[in-house]
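I set down each item in the order in which I looked it up.

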Amino acid sequence: MDVPPPEVLSLPMVVPSKTLMGPGPSNCPPSVLQALSLPVLGHLHPECTKIMDDIKAGIQYVFQTKNELTLAVSASGHAGMEAVLCNLIEPGDKVLIAVNGIWGERANIMASRYGATVHRLEAALGTNFTLTEFEDAIRLHKPALLFVVQGESSTGVYQPLEGLGLICHKYNCLLVVDTVASLGGVPFYADRWEVDAVYTGSQKVLGAPPGITPISFSSRAQEKILARKTPPKVYYWDMTILGDYWSCFGRPRVYHHTISSTLLYGLREGLSLVGKEGIENVINRHKMCAQRLHKGLQAMGLQMLVAKESARLPTVTAVKVPENIDWTVVTGYAMKHYFLEISGGLGPTANKIFRIGIMGYNATNDNVDFVLKVLEEGINYARENRSAKL
Ligand code: GLV
């Protein structure tokens with residue numbers, strides 16, 4: 001052999017049990033972990049395709065939609081963005097991207113790569129957009145598509161969406177919404193709000209592992225995809241073929257790729273738990289926990305990045321790092337002493353904030369109290385040991 005077997009692979013794998021209270025992934029509930037250990041099935045076995053059908057129904061429930069083009073793509077939540085933009089953008093299309101954090105920036109880059117002429121609507125860090133701002137920008141730029149993030153996990157900002165679909169459709173513009181970090185933490189109604197394309201993360205409120213991403217397209221969006229002059233640039237994301245693999249068009253199922261049956265089990269169980277609790281109760285649980293967390297953070301004298309209470313995302317809280325504190329010492333303390341993940345900022349908020357995630361199985365009062373206690377200890381530790389090296 002030119003390359004010997006790596007010695008490291010003969011050693012046991014190290015996977016500690018951690019409490020994941022960053023912006024995701026969250027901890028999988030025990031029944032999801034059990035589901036993940038079921039035997040692998042072939043991707044076209046009838047039991048596997050039955051699970052895909054169940055998942056499709058579950059995704060329609062969590063998105064509150066009857067869209068027939070509803071499925072899960074085999075990749076992380078970020079791929080939802082890629083798949084939507086790849087399918088809905090044709091070279092030369094005008095696109096409007098609402099940018100108030102890293103996800104709008106990413107959508108901007110992706111849309112440009114798919115050949116769109118991109119216009120940006122920008123909001124200051126920690127703020128969201130008004131319907132008037134959206135309508136003015138749509139009237140000005142006349143885009144074929146508006147991209148909006150419902151829960152900007154890099155800033156902890158919540159974007160209300162009611163009324164936006166109506167405005168978009170008045171100007172013949174499709175509405176695309178990223179709900180990766182928000183779904184299940186705040187209300188979302190794809191059909192009622194006239195959303196044309198939406199995707200979310202499996203690894204956040206839904207409590208499944210990352211790697212499989214719920215996605216759904218309205219009939220308006222579907223028409224645009226079917227009427228494309230050029231095929232979508234990436235075969236892997238092509239909804240005309242993927243839709244047939246997920247049996248979305250009433251035609252016989254055809255092979256597209258080898259889906260991970262294991263991830264399907266995890267997602268199905270996550271969706272099943274949400275269905276049993278009722279999504280409105282899941283949302284309420286997140287709201288209660290977020291209120292408890294925000295109250296606790298403010299009692300500690302910490303400052304929220306998002307000043308306006310109604311613009312705060314319950315699932316990801318952005319809290320400013322206190323002056324003269326090295327945030328890495330605080331998060332390092334939490335991990336070293338408690339195996340607790342608290343995250344730092346991302347993109348425009350890097351080094352400026354802590355991000356605390358309350359998602360899915362982790363959205364409990366006990367976890368909120370735990371994270372508050374450890375954060376306070378960590379900040380005190382960082383204050384007392386300004387040059388601490390952990
Ligand atoms: C990922 O979703 C992140 O916000 O870090």
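I count a residue as near a molecule if its C-beta atom, placed from the backbone, lies within 6 Å of it. The structure is a predicted model, in which local features need pLDDT of at least 70, side-chain atom pairs count only at pLDDT 80 or more, and totals for chains, interfaces and linings use all residues. I number residues from 1 along each chain as its sequence is written. Which residues surround the ligand? I found Pro-23, Gly-24, Ser-153, Ser-154, Ala-181 and Leu-346 around the ligand. I sorted this shell by class, with Ala, Val, Leu, Ile, Met, Phe, Trp, Tyr, Cys and Pro as nonpolar, Asp, Glu, Lys and Arg as charged, and the others, Gly among them, as polar. The shell has three nonpolar residues, three polar residues and no charged residues.

I took the bounds from an automatic or database domain assignment. This assignment gives domain 1 (19–24 + 279–388) and domain 2 (30–275). I computed 27 Å between the C-alpha centres of domain 1 and domain 2. For contacts I required C-beta atoms, placed from the backbone, to lie within 7 Å. The contact between the domains takes 26 residues from domain 1 and 28 residues from domain 2. I read helices (H or I, at least four residues) and strands (E, at least two) as DSSP runs, numbered from the N terminus. On the side of domain 1 that touches domain 2, helix H10 (279–299) and strand S11 (316–320) are the elements that give two or more residues. H10 gives the most to this side, with four residues. By class, this side of domain 1 has 16 nonpolar, eight polar and two charged residues. I also noted that the shell around the ligand draws at least three residues from each of domain 1 and domain 2.

I looked up the UniProt features, whose positions are in the numbering used here, whose names are shortened, and which may be inferred rather than shown by experiment. The unreviewed UniProt entry assigns "domain: Aminotransferase class V" to residues 41–357. Over residues 41–357 I found 39% helix and 17% strand, with the end C-alpha atoms 33 Å apart.

The unreviewed UniProt entry annotates Lys-204 as "modified residue: N6-(pyridoxal phosphate)lysine". I located Lys-204 in the loop between S9 and strand S10 (213–217). For burial I counted other C-beta atoms, placed from the backbone, within 10 Å: 20 or more is buried, 12 or fewer is exposed, and in between is partly exposed. Is Lys-204 buried or exposed? Lys-204 is buried, because 30 other C-beta atoms lie within 10 Å. Leaving aside neighbours within four places in sequence, I found Lys-204 in contact with Gly-24, Ser-26, Val-180, Ala-181, Thr-315, Met-359 and Gly-360.

The unreviewed UniProt entry also places a "binding site" at Arg-355. I found Arg-355 in strand S14 (residues 353–357). Arg-355 counts as buried because it has 25 C-beta neighbours inside 10 Å. Not counting residues up to four places away in sequence, Arg-355 touches Gly-22, Pro-23, Gly-156, Val-316, Ala-318, Ser-343, Gly-344 and Gly-345.

I defined a nonpolar core as a set of buried Ala, Val, Leu, Ile, Met, Phe, Trp, Tyr and Cys residues joined through C-beta atoms within 7 Å. In the largest core, of 118 residues, those that touch the most other members are Leu-85, Val-95, Ala-111, Leu-145, Leu-146, Leu-174 and Val-176. Helix H3 (residues 77–88) supplies the largest share of this core, seven residues. I found that both domain 1 and domain 2 give at least three residues to this core. Apart from neighbours within four places in sequence, Leu-146 is in contact with Leu-96, Ile-138, Cys-168, Cys-173, Leu-175 and Val-176.

The peptide bond from Gly-24 to Pro-25 is cis, with omega near 5 degrees. Pro-25 is in the loop between strand S1 (19–20) and helix H1 (30–36). Lys-142, not a glycine, has a positive phi of about 50 degrees. I placed Lys-142 in the loop between helix H5 (131–141) and strand S5 (145–149). Lys-142 is partly exposed, with 13 other C-beta atoms within 10 Å.

Notes
Two residues are in contact if their C-beta atoms, placed from the backbone, lie within 7 Å.
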